[in-house]
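Subject: Structure handover

Hi,

Here is the structure we talked about. Please open it next to this email and follow along.

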Amino acid sequence: MRRPRHTPLAGWLSELFPPAARGTVPAVKVAGGYGLGFLAATLVAYLRQSGLAPARTFWAEDGAIFYAQAWGKSLLGDLVTSYNGYDQLVPRVGGEMARSVAVPDAPAVMAWGGAALLGLLCCLVYHMARGHIGSPAARLVLAASMPLLPIAIVEMLDNFVNVPWWMFFAAFWALLWRPQTALGRWVAAALCALAAASEPLVGLLAPLALARAVALRSPRQNTASIGLLAGLAFQGAVVIGALGKRPFHPKGSTQLVPDFLERVGLGWLSGLRGTDWVASGGRTLAVVLGASALLVVLVLGLTCVERSVRALTVAVIVLAPLCFFVPVWVRGVGDEMQAGASVGFSGRYAATPILMVIGLALAIAASAVARGGVRRRRGSHARSAPWRVGGLRGAQWAHRFGLSGAVLACLLALTPAWVVDFRDANARSAGPAWSSALKVASAECARRPARAVVGVPIDPPGMSVVIRCGDLEAGPQGRGAAERAASLSVARLLASG
């Protein structure tokens with residue numbers, strides 16, 4: 001039977017999902033490279049916070065919700081519990097992991113676990129972007145832009161509660177990725193499912209999943225889309241089970257477009273301090289510069305020779321604003337953004353759009369490598385680059401690594417903000433240290449033996465971990481009858497606080 005021909009729309013949409021060429025590097029070297037990349041990204045994320053080390057402090061919902069509720073619920077009951085009206089599956093897994101170690105070590109599990117997950121996602125994005133960004137150098141810059149994202153220092157690093165926002169961006173590339181192996185397809189499906197099960201706003205990537213279904217009709221080519229639907233279905237079941245709890249109140253804002261142009265259009269280049277500095281001289285200037293920077297990238301993308309880059313540009317034009325406007329509106333933080341002194345406030349809502357723009361800029365730059373490849377393969381590098389790097393002439397090495405002038409220009413444009421915003425204090429830097437807070441809580445329990453539970457202060461100020469006095473010195477252990485009996489009092493105190 002003759003296969004049905006693709007429609008013109010399907011043919012154009014297929015450019016969004018270019019297959020990546022199989023690598024020629026030995027598997028051992030590939031594994032070693034990814035291992036080093038994972039360690040580097042994890043360490044960079046961990047080291048960016050000044051003051052107290054992240055492993056000595058609990059951050060926000062990591063302790064107050066996910067860790068505390070892991071003590072008072074069964075494993076299954078905890079994983080399907082809603083918070084703010086929806087499930088956050090991966091952060092709840094982090095709470096269970098922290099619950100499995102001695103109480104004094106729990107913050108270290110959450111901090112290092114969050115950093116390690118970011119490192120893993122960096123490696124996945126590097127690999128999944130191969131179809132659109134063939135240059136390894138450009139993909140390395142893309143992966144590095146995640147742990148080095150300037151606004152991330154405010155609240156997005158070294159915790160589990162914000163891992164879903166990193167997964168949001170990784171799911172974007174998982175839906176664009178066209179893996180050649182069954183393992184790759186399962187990884188893409190699992191990533192999209194976990195992302196949606198941890199943050200329902202990942203459903204904003206549904207237009208990409210729909211485009212994929214139109215362009216690639218084979219079910220095995222749509223496993224990522226199926227994973228996204230599965231995660232959203234799980235999320236829907238939890239939301240229905242939450243009996244309509246909606247602590248967020250959608251609220252419009254007349255400043256959504258200027259916010260986007262300032263925080264995303266300018267922020268991807270000038271970072272945290274740079275954007276704040278420009279805005280301090282007049283927000284109109286920041287908005288105009290942001291619009292100009294975005295316009296340059298979009299014009300270059302739409303006029304690029306590579307059809308896949310043009311298709312990616314259209315996707316970013318649609319999805320980057322959508323992934324900013326809808327979360328800000330749904331979570332009702334538009335007015336608070338205006339009241340905040342820095343673009344770092346609620347920076348998580350700008351993270352995915354910023355990284356999308358960076359990815360597009362690098363795809364445009366990488367296309368210059370592909371266009372120049374034929375000329376270099378004909379031997380011009382032998383005359384223009386007499387130096388040697390690792391036994392290869394410089395230009396030959398640069399071509400293999402995909403390092404072009406355009407890629408280097410992107411790196412140089414991003415580096416100043418990376419350097420200036422690399423290390424800084426945040427609301428977690430001053431503590432309180434978990435170990436010190438535990439001592440105070442233990443003394444309080446000793447002073448009042450009849451006390452059932454105690455609140456242990458964490459960051460930011462005003463938050464605490466509600467835990468049973470008898471569990472303060474507990475080590476790894478299963479959930480016993482005493483823990484289940486105390487779950488009701490813990491839940492009541494959490495609700496009242």
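Below are my notes, starting with confidence and ending with the aromatic rings.

**Confidence**

Please keep in mind that this is a predicted model. The protein chain has an average pLDDT of 86. A score of at least 70 is reached by 86% of the residues. Among the elements, helix 8 (residues 163-176) has the highest mean pLDDT, at 98. Helix 20 (residues 481-496) has the lowest, at 40.

Two stretches need care. In residues 373-392 the pLDDT is below 50. That stretch still has 23 contacts in the model beyond near neighbours in sequence. In residues 476-497 the pLDDT is also below 50. Here the model has 32 contacts beyond near neighbours in sequence. Where pLDDT is low, predicted coordinates should not be read in detail.

**The core**

The largest nonpolar core holds 130 residues. Tyr 67, Trp 166, Phe 172, Trp 173 and Leu 205 have the most contacts inside it. Helix 16 (residues 348-384) gives this core its largest share, 15 residues.

What does Trp 166 touch, leaving aside neighbours within four places in sequence? Its contacts are Leu 118, Leu 121, Met 146, Leu 149, Ala 152, Met 156, Leu 157 and Leu 355.

**Aromatic pairs**

Searching the whole structure gives 14 aromatic pairs. One of them joins Tyr 67 and Trp 71. Their ring centres are 6.2 Å apart and their planes stand at 85°, so this pair is edge-to-face. Both residues sit in helix 3, four residues apart, so about one helical turn separates them. Tyr 67 and Trp 71 are both buried.

Tyr 67 also pairs with Trp 434. This pair is edge-to-face too, at 6.4 Å centre to centre and 85° between the planes. It links distant parts of the chain: Tyr 67 belongs to helix 3 and Trp 434 to helix 19, 367 residues apart. Is Tyr 67 buried or exposed? Tyr 67 is buried, because its relative accessible area is 0%, under the 20% cut-off. Trp 434 has 1%, so it is buried as well. With Phe 58, these residues make a cluster: ring pairs link Phe 58, Tyr 67, Trp 71 and Trp 434.

**A buried aspartate**

Asp 421 is worth a look. It lies in the loop between helix 18 and helix 19. Its relative accessible area is 2%, so Asp 421 counts as buried. What does the side chain of Asp 421 reach at 3.2 Å? It reaches the backbone nitrogen of Arg 273. Not counting residues up to four places away in sequence, Asp 421 touches Arg 48, Pro 150, Ile 153, Ser 270, Gly 271, Leu 272 and Arg 273.

**The hairpin**

Strand 3 (residues 453-458) and strand 4 (residues 463-468) pair in the antiparallel sense. There are six bridges between them. Val 454 stands opposite Ile 467 of strand 4. Four residues lie between the strands of this hairpin. Gly 462 has a positive phi there, near 100°.

**Backbone exceptions**

Most peptide bonds are trans, and most residues other than glycine have a negative phi.

Take the cis bonds first. The peptide bond from Gly 431 to Pro 432 is cis, with omega near 20°. Pro 432 is in the loop between helix 18 (405-420) and helix 19 (434-447). The peptide bond from Asp 459 to Pro 460 is cis too, with omega near -10°. Pro 460 lies in the loop between strand 3 and strand 4.

Now the phi values. Ala 60 is not a glycine, yet its phi is positive, about 50°. Ala 60 sits in the loop between helix 2 (27-47) and helix 3 (61-72). With 4% relative accessibility, Ala 60 is buried. Asp 158 is not a glycine either, and its phi is positive at about 60°. Asp 158 is in the loop between helix 7 (136-144) and helix 8. Its relative accessible area is 3%, so Asp 158 is buried.

Best wishes

Key: Residues are numbered from 1 along each chain as its sequence is written. This is a predicted model: local features need pLDDT of at least 70, side-chain atom pairs count only at pLDDT 80 or more; totals for chains, interfaces and linings use all residues. Side-chain values use heavy atoms; hydrogens and water are left out. pLDDT is the predictor's confidence in each residue, from 0 to 100. Helices (H or I, at least four residues) and strands (E, at least two) are DSSP runs, numbered from the N terminus. Contact means heavy atoms within 4.5 Å. Two strands pair if DSSP finds at least two bridges between them. Buried means under 20% relative accessible area, exposed over 50%, partly exposed in between (1.4 Å probe, protein chains only). A nonpolar core is a set of buried Ala, Val, Leu, Ile, Met, Phe, Trp, Tyr and Cys residues joined through side-chain atoms within 4.5 Å. A polar contact is a pair of N or O atoms within 3.5 Å; within protein, one must be able to donate a hydrogen and the other to accept it, and residues adjacent in sequence count only if both atoms are side-chain atoms. Rings of Phe, Tyr and Trp (its six-membered ring) pair if their centres lie within 6.5 Å; planes under 30 degrees apart count as stacked, over 60 as edge-to-face and the rest as tilted.
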